[in-house]
Amino acid sequence: MKQSKFNLGSQDRFGYEWSKFDRIIPQYELQFLKWVCPLKVNDFKGKKLLDAGCGIGRNSYWPLKYGAKEVFAFDYDKRTVSVAKKNLSQFKNVHVKYDSVYNIRFKNKFDVAFSIGVIHHLEHPHKAVQKLVDSVKKGGVVLIWVYGYEGNEWIVKYVNPIRKITSHLPLEIINIFTYSMSVPLYAFVKLLPQKHPYLKQLSKFEFWHLHSIIFDQLIPKIANYWTKEEALGLLQNKGLKNIKAYHVNNNSWTVLGRK
Ligand SMILES: C[S@@+](CC[C@H](N)C(=O)[O-])C[C@H]1O[C@@H](n2cnc3c(N)ncnc32)[C@H](O)[C@@H]1O
């Protein structure tokens, strides 16, 4: 597929991933609550939400369970959208669509607009965040979760150069490659006691889930690892106040602001 200037979010490559790792599992709830900290379960009750770049729908699923009033979830890959539709089919108050974050047309509509694990893969992150800001009503919250530089220096140093090659390889080959890498990591986190919060979290995952995380690291064309200042900068000067960053798992940033 020819890449246009707004088409470098690796959605086709993530589409392959989501068609392989398509299940919503209970462990995703804790992961979701970490990603959206400092929001709590009650902050979603009765609220209108936007989930930009929803993947399989795992981050819309929990707010819907918590009693969200209405959720608009969208992704820029058709395969992914059909998986999300299936995963969220039990809810009547969700709309799952195929669209790009750059095309959000909602204005002053949502109580919360979030984009989890998407913005750091985009070629125009500021443009995408501005769209999220436009979509929330006054007093509404914009929240993004992005890879951090702090805590991921080793990924930036050792994994990023590998990703620059693997992001051009056929996905079936990366699948086999990452499968073989997942075996020793799985043994490591399962057999040895883990202190680091992220490794502790990984130790509770099944093999396929660990594999999906490694696979996810090596497929995208763009993967930015932002410092706290850079992550805060994504929300600044866009009409938000009270902008704060939270260090999640000592390796990523949840940044949140209010309109
Ligand atoms: C790492 S996945 C995260 C998915 C989901 N938010 C989650 O946490 O499970 C990144 C997602 O962003 C989507 N994406 C990439 N470019 C996009 C765009 N321009 N607009 C909307 N979604 C996009 C991909 O298709 C992919 O599903």
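Start at lysine 47, in the loop between helix H2 and strand E1. Helices (H or I, at least four residues) and strands (E, at least two) are DSSP runs, numbered from the N terminus. This is a predicted model, in which local features need pLDDT of at least 70, side-chain atom pairs count only at pLDDT 80 or more, and totals for chains, interfaces and linings use all residues. Residues are numbered from 1 along each chain as its sequence is written, and side-chain values use heavy atoms, with hydrogens and water left out.

**Stop 1: around lysine 47**

Stay on lysine 47. Its relative accessible area is 28%, so lysine 47 is partly exposed. The scale is this: buried is under 20% relative accessible area, exposed is over 50%, and partly exposed is in between (1.4 Å probe, protein chains only). Show the contacts next (heavy atoms within 4.5 Å). Setting aside neighbours within four places in sequence, lysine 47 is in contact with Ala68, Lys69, Glu70 and Asp111.

**Stop 2: proline 38**

Move to proline 38, in the loop between H2 (27-35) and E1. Look at the peptide bond from cysteine 37 to proline 38: it is cis, with omega near 15°. Most peptide bonds are trans.

**Stop 3**

Select residues 110-116, which form strand E4. How many of the seven residues of E4 are buried? Seven of the seven are, so the strand is largely enclosed by the rest of the structure.

Three bridges join E1 to E4, and the two run parallel. Strands pair if DSSP finds at least two bridges between them. For a landmark, pick leucine 50, which stands opposite alanine 113 in E4.

**Stop 3: aspartate 75**

Go to strand E2 (residues 70-75) and select aspartate 75. Aspartate 75 is buried but has no salt bridge. A salt bridge needs a side-chain nitrogen of Lys or Arg within 4 Å of a carboxyl oxygen of Asp or Glu. Which side chain of opposite charge is nearest? It is arginine 79, 9.3 Å away. For charge, Lys and Arg count as positive and Asp and Glu as negative; His and the chain ends are not counted. Beyond four places in sequence, aspartate 75 touches several residues, among them Gly53, Cys54, Thr80, Lys97 and Asp99.

**Stop 4: two asparagines**

Select asparagine 237, in the loop between helix H10 (228-235) and strand E6 (241-248). Its phi is near 60°, a positive value in a residue other than glycine. Asparagine 237 counts as exposed, at 80% relative accessibility.

Now take asparagine 249, in the loop between E6 and strand E7 (252-258). Asparagine 249 also has a positive phi, about 55°. Is asparagine 249 buried or exposed? At 10% relative accessibility, it counts as buried.

**Stop 5: zoom out**

Colour the chain by domain. Domain 1 is 11-149 + 223-258, and domain 2 is 153-218. These bounds come from an automatic or database domain assignment. The C-alpha centres of the two domains lie 23 Å apart. Across the boundary, 19 residues of domain 1 are in contact with 27 residues of domain 2.
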